[in-house]
Amino acid sequence: AIDFDSIPLTALNFTVRKKLSLYLNPKHVSAADWTALAEAMGFEYLEIKNYEQHQNPTKMILENWQGTSAQATVGRLLEMLIAVERVDVISDLQEDCRKYLKKQQLQEQPVQVPEVDSCVPKTLEMNGITIDDDPSGHMPELFDAFICYCNKDIDFVHEMIRQLEQTECKLKLCVFDRDVLPGTCVWSITSELIEKRCKRMVVIISDDYLDSDACDFQTKFALSLCPGARSKRLIPVKYKPMKKKFPSILRFLTLCDYTNPCTTSWFWGRLAKALSLP
């Protein structure tokens, strides 16, 4: 999995910056443009008005943000694009980052291995991360869905297991506290599971979910993998009334609402069908 927060904005090449400009420079009635991104970056009103005079304002704010902010990383840019609901522009950023990391690895690769270890071969970090994994890594455990949840919502997770795993649905869910072995970096494991081991991700939305850093990371990471929700990869579920505002980054996704008495009887069937899609 890619640690986007460790990648400086300089990793984005001319082609990707040009495409960002093509997406964000035009004024849209229904979509955020470069001005929303500039506000998220912390530019003041007069600065933004000044950028309007430039032929390519998106290019200018990227360059100035890159030169003045210690937070100018690809990860932070992805977060801001998601926050302003422009996930449609994310895929090219990711591809550019992969090329950047590959180039860095080639530069850092040692000419000669400093020592030879005669001990038993060590298991790679991403091998043997779940209870039913093949330790050698040849047959990693795969799942129909990763369940993103806050610990305070664990009772509904148990109900989800009963309805989707222990019935004729026979789905296989990845529940972190049940299926993941302890001892490896939480963020690395989570990214690996969401990106490579699970076909989809179910996000259990609640007031407590909104206060969870782990849930926030998992949701944004999953969204970055499916710009514009083209692959139906992420499914938000609301199972109890909320006092707080529903997260804006999920408003464009069709909600599975357990709190609606008119559709409760259809809830599990709809969710199971969505998770069973190829």
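Ile-131 sits in the loop that runs between helix 6 (91-108) and strand 1 (143-148); helices here are DSSP runs of H or I with at least four residues, strands are runs of E with at least two, and both are numbered from the N terminus. The model is a predicted one, in which local features need pLDDT of at least 70, side-chain atom pairs count only at pLDDT 80 or more, and totals for chains, interfaces and linings use all residues. Residues are numbered from 1 along each chain as its sequence is written, and side-chain values use heavy atoms, with hydrogens and water left out.

With a relative accessible area of 48%, Ile-131 is partly exposed; buried means under 20%, exposed over 50%, and partly exposed in between, using a 1.4 Å probe and protein chains only. Setting aside neighbours within four places in sequence, Ile-131 is in contact (heavy atoms within 4.5 Å) with Glu-141, Arg-178, Asp-179 and Leu-181.

The chain has 278 residues, and 42% of them count as buried. Among contacts with a separation of 6 or more, 69% join residues 24 or more positions apart. As for confidence, the average pLDDT (the predictor's confidence in each residue, from 0 to 100) is 83, and 87% of the residues score at least 70. Over residues 112-123, though, the pLDDT is below 50, and this stretch has two contacts in the model beyond near neighbours in sequence. Where pLDDT is low, the predicted coordinates should not be read in detail.

Helix 4 (residues 57-68) takes part in two helix pairs described here. With helix 2 (residues 34-41), the packing angle is about 15° and the axes are 10 Å apart; axes are lines fitted to C-alpha atoms, for helices over the stretch in contact, and angles run from 0 to 180 degrees between N-to-C directions. Helix 2 and helix 4 are therefore roughly parallel, given that angles under 35 degrees count as roughly parallel, over 145 as roughly antiparallel, 65 to 115 as roughly perpendicular and the rest as oblique. On the helix 2 side, Trp-34, Leu-37, Ala-38 and Met-41 meet Pro-57, Thr-58, Ile-61, Leu-62 and Trp-65 of helix 4. By class, that contact has eight nonpolar residues, one polar and no charged; Ala, Val, Leu, Ile, Met, Phe, Trp, Tyr, Cys and Pro count as nonpolar, Asp, Glu, Lys and Arg as charged, and the others, Gly among them, as polar.

Helix 1 (residues 14-24) is the other partner, with axes that come within 8 Å of each other and cross at roughly 125°. That makes helix 1 oblique to helix 4. Here Arg-17, Leu-20, Ser-21 and Leu-24 of helix 1 meet Thr-58, Lys-59, Leu-62, Glu-63 and Gln-66 of helix 4. The residues of this contact split into three nonpolar, three polar and three charged.

Helix 5 (residues 74-83) is largely enclosed by the rest of the structure, because seven of its ten residues are buried. Those buried residues are Val-74, Gly-75, Leu-77, Leu-78, Met-80, Leu-81 and Ile-82. Just after helix 5, Glu-85 takes a positive phi of about 60°. Most residues other than glycine have a negative phi. Lys-170, also not a glycine, has a positive phi of about 55°. Lys-170 lies in the loop between helix 7 (154-164) and strand 2 (173-174), and counts as exposed at 63% relative accessibility.
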